[in-house]
Amino acid sequence: MNRITQLFGIEYPIIQGGMVWCSGWRLASAVSNNGGLGLLGAGSMHCDTLTEHIRKMKEATDRPWGVNVPLLYPEIDKLMGILADEQVKIVFTSAGSPKKWTSFLKSHGMTVVHVVSSASFAQKCEEAGCDAIVAEGFEAGGHNGREETSTLTLIPNVAAHCRLPLIAAGGIASGKAMLAAMILGAEGVQIGSRFAVATESSAHPNFKQQVWKTPEGGTMLALKKIAPTRLIKNEFYEQVKTLEDQGADSDTLKELLGKGRAKQGIFEGNLAEGELEIGQIASMLKGEESVAEIMQDLLRDYNQSINRCSNSVSF
């Protein structure tokens with residue numbers, strides 16, 4: 001047991017990323033029921049949909065769970081009201097400053113965690129009263145930090161500059177990576193990509209198949225003038241790359257992006273024109289697994305890695 005398992009009341013310090021179009025109640029409840037912390041991904045839910053998923057979570061699990069909320073959400077006031085009315089206990093916030101909403105959430109008895117991409121942002125979370133932080137390296141899928149700091153560099157730096165319980169994210173999909181994150185100063189891990197293609201994920205089968213076929217180097221950080229986003233290289237990505245190579249401004253890129261690209265790709269399975277968000281670790285994911293199988297493999301690999309390290313030669 002450590003500060004992360006104690007904070008959330010969970011068995012294992014494994015948090016499932018609240019990913020748009022993947023993280024509905026089926027995925028989140030499965031993670032919680034297997035000893036981790038499941039998160040609903042509010043970023044792709046209208047208010048009525050979020051309410052529905054929250055209520056289904058309450059029926060599907062009696063274990064701790066939470067909601068991930070991008071603070072740039074267009075109906076953020078209504079969404080925060082839903083979290084309060086439904087008495088959600090754990091909220092992960094991202095894509096914005098934690099200052100505005102942390103005190104409101106905590107006043108309603110919620111544990112608040114914020115996602116950061118640098119040590120300086122981690123310190124701001126501490127000042128804002130957050131209970132913990134997720135430090136996410138640029139290996140991660142979806143929206144990313146502008147600094148492009150890798151997880152290997154980010155975690156020890158954040159740990160050295162912030163006293164809050166630290167959760168590592170970005171490029172973590174194995175027990176070996178979990179152990180590495182712990183050695184670097186984290187007390188838990190947040191895993192996105194591997195859960196994004198789990199049996200219980202609401203992602204489209206086409207998207208899952210494409211992830212399993214993604215080769216090493218098959219993802220790239222793009223849309224840096226809008227919001228850096230890691231994408232699988234498909235026809236839409238090539239259109240973005242062409243414009244970016246030509247020096248296109250943010251307005252031109254926004255026009256190409258339009259609305260609903262992530263839904264098109266991840267939820268509806270349009271592999272050509274959709275925005276296919278996934279982490280660099282995609283090249284190591286080769287087939288569908290249930291959440292139970294993923295959790296069992298993570299823990300087995302973690303414990304085996306500890307044993308290997310204990311048998312290593314010291315210098």
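Colleague: What are the ground rules here?
Modeller: The model is predicted, so local features need pLDDT of at least 70 and side-chain atom pairs count only at pLDDT 80 or more, while totals for chains, interfaces and linings use all residues. Residues are numbered from 1 along each chain as its sequence is written, and side-chain values use heavy atoms, with hydrogens and water left out.

Colleague: How many aromatic pairs does the structure hold?
Modeller: Three. Rings of Phe, Tyr and Trp (its six-membered ring) pair if their centres lie within 6.5 Å; planes under 30 degrees apart are stacked, over 60 edge-to-face, and the rest tilted. One of the pairs is Trp 101 with Phe 104, which is edge-to-face at 5.4 Å centre to centre and 85° between the planes.

Colleague: Where do Trp 101 and Phe 104 sit in the fold?
Modeller: In helix 5 (residues 99-107), three residues apart, so about one helical turn separates them. Helices are DSSP runs (H or I, at least four residues), numbered from the N terminus.

Colleague: Buried or exposed, Trp 101?
Modeller: Trp 101 is buried, at 13% relative accessible area, and Phe 104 is partly exposed at 26%. Buried means under 20%, exposed over 50%, partly exposed in between (1.4 Å probe, protein chains only).

Colleague: Which ring does the charged end of Arg 230 sit over?
Modeller: That of Phe 138, 5.1 Å from the ring centre. The criterion is NZ of Lys or CZ of Arg within 6 Å of the ring centre and within 35 degrees of the ring normal.

Colleague: Switching to domains. What does the assignment give?
Modeller: Domain 1 (3-202) and domain 2 (205-281), with bounds from an automatic or database domain assignment. Their centres, taken over C-alpha atoms, are 23 Å apart. The contact (heavy atoms within 4.5 Å) takes 22 residues from domain 1 and 19 residues from domain 2.

Colleague: What area is buried between domain 1 and domain 2?
Modeller: About 1,800 Å², with carbon and sulfur atoms giving 60%. That is the accessible area (1.4 Å probe) that two parts lose on being put together, summed over both. On the domain 1 side, Trp 21, Arg 146 and Val 197 lose the most area to domain 2, together 33% of what that side buries.

Colleague: How many salt bridges between domain 1 and domain 2?
Modeller: One, where a salt bridge is a side-chain nitrogen of Lys or Arg within 4 Å of a carboxyl oxygen of Asp or Glu.

Colleague: Last one: what does Ser 305 touch?
Modeller: Gly 175, Lys 176 and Leu 179, not counting residues up to four places away in sequence. Ser 305 is in helix 14 (residues 291-310) and is buried at 4%.

Terms used:
Helices (H or I, at least four residues) and strands (E, at least two) are DSSP runs, numbered from the N terminus.
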